[in-house]
Amino acid sequence: MTKAAKTSISREQLCGYLDDSLCDTETARVEDALRHSESLRKDLRSLMQERDRGEHSVGAIWRRSRLTCPNREQLGSFLLGVLDAGFHGYVEFHLKTVGCAFCLANLADLEEQRREAAPHTHQRRKRYFESSAGLLRGKR
Ligand SMILES: [Zn+2]
């Protein structure tokens with residue numbers, strides 16, 4: 001009986017169960033199977049752990065860091081688009097979906113600063129470009 005209960009539930013169904021995306025009948029079937037099968041419960045636990053350790057998905061980062069605000073440097077890097085994809089996603093989520101007022105104010109302030117600094121940045125970039133072009137010429 002234990003075996004039959006386990007084999008009738010697929011990994012996809014367990015995923016669906018965790019996501020709460022199964023219909024009532026399916027949910028009841030999975031719960032029933034879980035009640036009767038220790039090894040299925042083990043499968044479910046390891047699936048949950050896998051997800052928690054999980055990939056750099058926004059959800060995983062969200063669960064790990066909860067509502068933690070990115071610091072000012074991180075917000076600055078976000079503006080420049082130089083954060084790694086997972087963290088960028090988290091900051092974007094924090095700003096756009098959570099709409100953290102503190103970080104939005106901080107970001108607006110940083111954007112303001114950047115606008116003011118823009119002409120200088122441009123010059124710096126130009127100089128950098130020229131000097132690295134010189135470097136390339138020198139190497140040849
Ligand atoms: Zn925040």
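Predicted model: local features only at pLDDT ≥ 70, side-chain atom pairs only at ≥ 80, totals over all residues.
View 1. Of the 140 residues in the chain, 11% are buried. Residues 24 or more positions apart supply 61% of the contacts with a separation of 6 or more.

**View 2. Confidence runs from helix α1 up to helix α6**. The chain has a mean pLDDT of 78, with 68% of its residues at 70 or more. Helix α1 (residues 2–7) is where confidence is lowest, at a mean of 50. At the other end of the scale, helix α6 (residues 72–80) has the highest value, 93.

**View 3. Seven residues form the largest nonpolar core**. The members are Ile9, Leu14, Tyr17, Val30, Ala33, Leu40 and Leu44. Helices α2 (11–19), α3 (24–36) and α4 (38–53) are the elements that each put in two or more residues. Zoom in on Leu14 and, skipping neighbours within four places in sequence, you'll find contacts with Ile9, Val30, Asp43, Leu44 and Leu47.

**View 4. Another core, of five residues, lies apart from the largest one**. Its members include Leu75, Phe78, Tyr90 and Cys103.

**View 5. Helix α7 (residues 85–97) has its buried residues along one face**. The length checks out: 13 residues at 1.5 Å a residue should span 18 Å, and the end C-alpha atoms are 17 Å apart, which agrees. Tyr90, Val91 and His94 are the buried residues of α7. Looking down the axis of α7, those buried residues fall within an arc of 95°, so they line one face of the helix. Over on the other side of α7, Ala85, Lys96 and Thr97 are exposed. After α7 comes Gly99, with a positive phi near 65°.

View 6. Asn106 and Leu75 sit 31 residues apart in sequence, yet their C-alpha atoms are 8.0 Å apart in space. Buried or partly exposed: which is Asn106? Asn106 has 18 other C-beta atoms within 10 Å, and a buried residue needs 20 or more while an exposed one has 12 or fewer, so Asn106 counts as partly exposed.

Terms used: Residues numbered from 1 in each chain as written. Core = buried A, V, L, I, M, F, W, Y, C linked by C-beta atoms within 7 Å. Helix = DSSP H or I, 4+ residues; strand = E, 2+ residues; numbered from the N terminus. Contact = placed C-beta atoms within 7 Å. Expected span 1.5 Å × (residues − 1). Arc of directions from axis to C-beta. pLDDT = per-residue confidence, 0-100.
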